[in-house]
Amino acid sequence: MMTLSPELQSSLESKIKQFEEERIMPLLSNMELRGMKIGALQKARDAVKTVLRERGRGRVGKL
């Protein structure tokens, strides 16, 4: 194993830390977040359509 001078050791640790930070990816990309929002909107629209359809059939609100 090679021993580095304190200056080189510090430089190496800084470069390793910078490299690791650059490789960290966000948990979700912007496109994934957008897709989730679009999916949630579509699900909400489908729910509204279902309620309106059932109201038209007289099934919603009756016990």
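Visitor: Is Ser10 buried, partly exposed or exposed?
Guide: In this predicted model, Ser10 lies in helix α1, which covers residues 6-23. A residue counts as buried under 20% relative accessible area and as exposed over 50%. Because its relative accessibility is 40%, Ser10 is classed as partly exposed.

Visitor: How far apart are the C-alpha atoms of Ser10 and Gly35?
Guide: Ser10 belongs to helix α1, while helix α2 spans residues 30-57. Ser10 and Gly35 are 25 residues apart along the chain, and the distance between their C-alpha atoms is 43 Å.

Visitor: What length does helix α2 reach from its first C-alpha to its last?
Guide: Helix α2 has 28 residues, for which a span of 40 Å is expected at 1.5 Å a residue. The model comes close to that expectation. From first to last C-alpha, helix α2 reaches 41 Å.

Visitor: Which residue follows α2?
Guide: Helix α2 comprises residues 30-57. The residue after α2 has a positive phi, near 80°. That residue is Gly58.

Visitor: Does Glu54 count as buried or exposed?
Guide: Glu54 is located in helix α2. Its relative accessibility is 17%, and the limit for burial is under 20%. Glu54 therefore counts as buried.

Visitor: What percentage of the residues in the chain is buried?
Guide: Glu54, at 17% relative accessibility, counts as buried. The chain exposes about 6,400 Å², of which carbon and sulfur atoms supply 61%. Of the 63 residues, the buried share is 2%.

Visitor: What is the radius of gyration of the chain?
Guide: The chain contains 2 helices and 0 strands. For 63 residues the globule rule gives 11 Å, and the chain is well over that value, so it is more spread out than a compact globule. Along the principal axes, its C-alpha atoms fill a box of roughly 80 × 25 × 15 Å. The radius of gyration is 28 Å.

Visitor: What distance separates the C-alpha atoms of Glu54 and Phe19?
Guide: Glu54 is placed in helix α2. Glu54 and Phe19 are 35 residues apart along the chain, and their C-alpha atoms are separated by 57 Å.

Visitor: How far apart are the mean positions of the positive and negative charges?
Guide: The chain carries 13 positive and 8 negative charges. The distance between their mean positions is 24 Å.

How values were computed
Residues numbered from 1 in each chain as written. Predicted model: local features only at pLDDT ≥ 70, side-chain atom pairs only at ≥ 80, totals over all residues. Heavy atoms only, no water. Helix = DSSP H or I, 4+ residues; strand = E, 2+ residues; numbered from the N terminus. Expected span 1.5 Å × (residues − 1). Rg over C-alpha atoms; globule rule 2.2 N^0.38 Å. Buried < 20%, exposed > 50% of the residue type's maximum accessible area, 1.4 Å probe, protein only. Areas by Shrake-Rupley, 256 points an atom, 1.4 Å probe, with all protein chains shown as cover. Lys, Arg positive; Asp, Glu negative; His and termini not counted. Charge placed at Lys NZ, Arg CZ, Asp CG, Glu CD.
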